[in-house]
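Okay, thanks for coming, everyone.

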Amino acid sequence: MTGTLYQQYQKSMIWLKSKLDVRYDIKGEGGKPRKELCEIPETAFKETIINSLAHRDY
């Protein structure tokens, strides 16, 4: 990944999301949008990516 730290974070999140299975929670109440549920919570990825960027050896 290249670019600023924020760009690297964004590219990493996009790449990880493309590799995961997603299921949809559809409740059918009043036309509310469906919920996308990743097989691993997104907060786990955020913490991991930010931690790895912060501790990179430049």
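**Rings, core and salt bridges**

So, aromatic pairs to start: the count comes to 1. Keep in mind that this is a predicted model. In general, you describe a pair of aromatic rings by how far apart the centres are and by the angle of the planes.

Next up, a ring with a charge on it. Have a look at tyrosine 24, which you'll find in strand β1, residues 22–25. The charged end of arginine 34 sits over that tyrosine's ring, 4.1 Å from the centre.

Okay, inside now. Which residues make up the largest nonpolar core? There are 6 of them: Tyr9, Met13, Leu20, Phe45, Ile49 and Leu53. The elements giving two or more residues to this core are α1 (5–19) and α2 (42–54). Of the elements, α2 gives the most, with 3 residues. As background, nonpolar side chains in soluble globular proteins tend to be buried together.

In one, glutamate 42 pairs with lysine 17, and the closest N and O atoms are 3.4 Å apart. Since glutamate 42 lies in helix α2 and lysine 17 in helix α1, this pair ties together parts that are 25 residues apart in sequence. Glutamate 42 is partly exposed at 31% relative accessible area, and lysine 17 counts as partly exposed too, at 39%.

There's also a salt bridge between lysine 46 and glutamate 42, with the closest N and O atoms 3.9 Å apart. How far apart are these two in helix α2? They're 4 residues apart, so about one helical turn separates them. Lysine 46 comes out at 32% relative accessibility, so that's partly exposed. Salt bridges with shared partners join Lys17, Glu42 and Lys46 into one network.

Last stop is leucine 37, over in strand β2, residues 35–38.

How values were computed: Residues numbered from 1 in each chain as written. Predicted model: local features only at pLDDT ≥ 70, side-chain atom pairs only at ≥ 80, totals over all residues. Heavy atoms only, no water. Phe/Tyr/Trp six-rings, centres within 6.5 Å; stacked < 30°, edge-to-face > 60°. Lys NZ or Arg CZ within 6 Å of the ring centre and 35° of its normal. Core = buried A, V, L, I, M, F, W, Y, C linked by side-chain atoms within 4.5 Å. Buried < 20%, exposed > 50% of the residue type's maximum accessible area, 1.4 Å probe, protein only. Salt bridge = Lys/Arg side-chain N within 4 Å of Asp/Glu carboxyl O.
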